[in-house]
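Thanks for coming, everyone. Let me put the structure up, and then I'll walk you through it.

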Amino acid sequence: MMTPMTPKMIRISLVAAALGTLLAFPATAQVVAITNPSFEADVIDSGTFRVDAGFPQGWAAYDPSSILNGGANSIGIIYPAGSEFFPGGAPDGNNAAIVYLAGSTDVEAGLQQTLSTLLLANTRYTVSVGIGNIASGTSTGTSSGGPGVFYDLSGFPGYRIDLLAGGVVLASDNSTLSGTIPEGEFRTSSFVFDTTAVTPQIGQNLGIRLVNLAHSPGTEVDFDNVSIVATPVPEPATCGIAMSAILALAFTVKRKASISEWQGA
């Protein structure tokens, strides 16, 4: 024969269930798959850069105004170790991506990729990308345009990182690091986007876009170590139920303590 549950036991069970639900949610963060996220699939010589067709692998050109021409406006790869451009090398691995826009002002272009992962409900997406402010320097070895060419790369044209789903921009970092990245160095851009059960793009393919804003002065932005991490989050209703149960138990305990003190007075 089962012992009947007292009101106190019921309250404790409800609180335990609510806490269990909350603790079960944020446990598993998943790294979203990105093809060639640190541009290591592209093989070039140390200290060189390439803006040939096909670089970087796995990425498509983002070129809304059709300005990319492989010359004054180009995308490509740089292996900065051993060069004057980034003396400290790339943030992750050997390579970084180039978006070079010397022939256009205020006409953006860059790189983008549609991912196989679908946007999920009740999930926090954390986006991180290394942003490089390239220093002026002289090309070496097998670099595009040949060795011994000096490039004045002073200034920074601004950047934007877009998180997309179904081709719709969900969230961006619109150049928040501009003015804070020393020449010849990288800094990490990071931002988050939370979905709910009713976010319109749920079930559509995620995407990532890396943009040079082409604002004068400055010509080139470099990108590396692109990362998206998805972490489940509880629905607000679940949090509300749990908090209500916890507050109710706390009120009951406090009330009983007050009564005991009054009776003992």
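**The cores**

The largest nonpolar core has 41 residues, and I131, I161, L163, L210, F223 and I228 are the ones with the most contacts inside it. Its largest share, 5 residues, comes from strand β14, residues 220-232. Apart from it lies another core, of 10 residues, including I78, F86, A96 and I98.

Some terms. A nonpolar core is a set of buried Ala, Val, Leu, Ile, Met, Phe, Trp, Tyr and Cys residues joined through side-chain atoms within 4.5 Å. Buried means under 20% relative accessible area, exposed is over 50%, and partly exposed is in between, with a 1.4 Å probe and protein chains only. Helices (H or I, at least four residues) and strands (E, at least two) are DSSP runs, numbered from the N terminus.

Please keep in mind that this is a predicted model: local features need pLDDT of at least 70, side-chain atom pairs count only at pLDDT 80 or more, and totals for chains, interfaces and linings use all residues. Residues are numbered from 1 along each chain as its sequence is written, and side-chain values use heavy atoms, with hydrogens and water left out.

**The overall picture**

The protein has 2 helices and 14 strands. Of its 265 residues, 42% count as buried. Take the contacts (heavy atoms within 4.5 Å). Among those with a separation of 6 or more, 77% are between residues 24 or more positions apart.

What does I131 touch, beyond residues up to four places away in sequence? The list is F156, Y159, I161, L177, I181, E185, F186, R187, S189, V221, D222 and F223.

G130 lies in strand β7, residues 123-133. G130 is buried, at 5% relative accessible area. Leaving aside neighbours within four places in sequence, G130 is in contact with F186, R187, T188, D222, F223, D224 and N225. Look at T188 in particular. G130 and T188 are 58 residues apart in sequence, but 4.4 Å apart in space, C-alpha to C-alpha.

**Strand β4**

Why is strand β4, residues 73-78, described as largely enclosed by the rest of the structure? Because 6 of its 6 residues are buried. Both faces are covered. N73, I75 and I77 are buried on one side, and S74, G76 and I78 on the other.

Now the partners. Two strands pair if DSSP finds at least two bridges between them. β4 pairs with strand β2, residues 49-50, in the antiparallel sense over 2 bridges. There, R50 has I77 of β4 as its bridge partner. β4 also pairs with strand β5, residues 96-101, again antiparallel, over 6 bridges. N73 stands opposite L101 in β5.

**The largest pocket**

The largest pocket has a volume of about 190 Å³. It is lined by 15 residues, and F49, V51, Y100, Y151 and E220 lie nearest its centre. β4 and β5 are the elements that give two or more residues to that lining.

How is a pocket found? On a 1 Å grid over the protein atoms alone, a cavity is a set of points where a 1.4 Å probe fits but cannot get out, while a pocket is an open set with protein on both sides within 12 Å along at least five of seven lines; lining residues have an atom within 4 Å of a point. Grid points are joined across faces, edges and corners, and a volume is the space filled by probe spheres set on the points.

The lining divides into 9 nonpolar, 5 polar and 1 charged. Here Ala, Val, Leu, Ile, Met, Phe, Trp, Tyr, Cys and Pro count as nonpolar, Asp, Glu, Lys and Arg as charged, and the others, Gly among them, as polar.

**Turns and loops**

Strands β10 (residues 159-165) and β11 (residues 168-173) pair in the antiparallel sense over 5 bridges. They form a hairpin with 2 residues between them, and G166 in the turn has a positive phi of about 60 degrees. L163 has A171 in β11 as its bridge partner.

Most residues other than glycine have a negative phi, and most peptide bonds are trans. Here are some exceptions. A214 has a positive phi of about 60 degrees although it is not a glycine. A214 is in the loop between β13 and β14, and is buried at 2% relative accessible area. P217 is in the loop between β13 and β14 too, and the peptide bond from S216 to P217 is cis, with omega near 0 degrees. Another cis peptide bond joins F55 and P56, with omega about -10 degrees.
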